[in-house]
Amino acid sequence: AKDHRHFDITTMGWEVQPDGLYDSLAKVWAYGKVPTLYVTENGAAFQDRLETGPDGDRGHDPRRIRFYEDHLREVRRAQADGIDVSGYFCWSLMDNFEWAEGYVPRFGLVYTDYPTQRRIVKDSGRWFRELLSA
């Protein structure tokens with residue numbers, strides 16, 4: 001059966017399909033040769049919006065928050081199904097240089113203002129901090 005869902009598309013042109021993470025974890029776990037699994041790089045580049053307000057600069061990136069919510073839900077589902085996932089790491093803490101694309105795609109939880117090297121925590125970074133504090 002053909003999948004007729006409509007996927008969000010990142011600025012890199014990649015489809016966002018969170019259940020694909022579950023499927024990948026399940027396939028590797030079923031292989032049976034690993035004691036535990038770690039998701040070491042999971043993230044997406046989106047057009048972030050910077051705003052200057054009375055409390056300082058903010059980076060708005062609601063699509064990235066949704067990306068992490070959806071993918072972490074799949075990690076939790078895998079764990080509930082008995083797949084030993086012991087760690088999950090975002091890609092990336094900060095916007096950075098991507099070898100194939102330069103400074104254009106922004107993957108970070110923290111916005112990097114390249115000319116000044118200022119760092120501005122995005123909404124996704126604040127969201128992730130709250131998640132880890134809970």
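This is a predicted model: local features need pLDDT of at least 70, side-chain atom pairs count only at pLDDT 80 or more; totals for chains, interfaces and linings use all residues.

**Entry 1: a first pair**

I started with Arg58 and Asp123, whose side chains meet in a salt bridge, N to O at 2.9 Å. For my own reference, a salt bridge is a side-chain nitrogen of Lys or Arg within 4 Å of a carboxyl oxygen of Asp or Glu. Arg58 lies in strand E5 (residues 56–60) and Asp123 in helix H3 (residues 123–133), so the pair ties together parts 65 residues apart in sequence. Helices (H or I, at least four residues) and strands (E, at least two) are DSSP runs, numbered from the N terminus.

Are these two buried or exposed? Arg58 is partly exposed at 35% relative accessible area, whereas Asp123 counts as buried at 15%. The cut-offs I used: buried is under 20% relative accessible area, exposed is over 50%, and partly exposed is in between (1.4 Å probe, protein chains only).

**Entry 2: ground rules**

Residues are numbered from 1 along each chain as its sequence is written, and side-chain values use heavy atoms, with hydrogens and water left out.

**Entry 3: the other pairs**

How many salt bridges are there by this rule? I get 13. One of them joins Asp8 to Arg63, with the closest N and O atoms 2.6 Å apart. That pair links distant parts of the chain, since Asp8 is in strand E1 (residues 8–9) and Arg63 in helix H2 (residues 62–80), 55 residues apart. Asp8 is partly exposed at 26%, and Arg63 is partly exposed at 28%.

Another pair I looked up is Arg49 with Glu51, at 2.3 Å from N to O. Arg49 is partly exposed at 47%, and Glu51 is partly exposed at 38%.

Arg64 sits in helix H2 and counts as buried, with 0% relative accessibility. The side chain of Arg64 makes a polar contact of 2.9 Å with the side chain of Asp48. (A polar contact is a pair of N or O atoms within 3.5 Å; within protein, one must be able to donate a hydrogen and the other to accept it, and residues adjacent in sequence count only if both atoms are side-chain atoms.) A polar atom of the Arg64 side chain also lies 3.5 Å from the backbone oxygen of Phe107. Leaving aside neighbours within four places in sequence, Arg64 is in contact with residues including Phe46, Arg106, Leu109 and Lys122. Contact means heavy atoms within 4.5 Å.

Asp61 is in the loop between E5 and H2, and is buried at 2% relative accessibility. A polar contact of 2.7 Å joins the side chains of Asp61 and Arg64. The Asp61 side chain also reaches the backbone nitrogen of Asp123 at 3.4 Å. I checked Ala45 too: its C-alpha atom is 9.8 Å from that of Asp61, and the two are 16 residues apart along the chain.

Lys122 lies in the loop between strand E8 (118–121) and H3. Lys122 is buried, with a relative accessible area of 0%.

H2 and H3 pack at an angle of about 35°, with their axes 9 Å apart. Axes are lines fitted to C-alpha atoms, for helices over the stretch in contact, and angles run from 0 to 180 degrees between N-to-C directions. The contact is made by Arg64, Ile65, Tyr68, Glu69, Leu72 and Arg76 of H2, and by Asp123, Ser124, Trp127, Phe128 and Leu131 of H3. These residues divide into six nonpolar, one polar and four charged. Here Ala, Val, Leu, Ile, Met, Phe, Trp, Tyr, Cys and Pro count as nonpolar, Asp, Glu, Lys and Arg as charged, and the others, Gly among them, as polar.

**Entry 4: the nonpolar side**

Last, I looked at the largest nonpolar core, which has 19 residues; Leu25, Tyr68, Val85, Tyr88 and Phe128 touch the most other members. A nonpolar core is a set of buried Ala, Val, Leu, Ile, Met, Phe, Trp, Tyr and Cys residues joined through side-chain atoms within 4.5 Å. Which element gives the most to this core? H2 does, with five residues.
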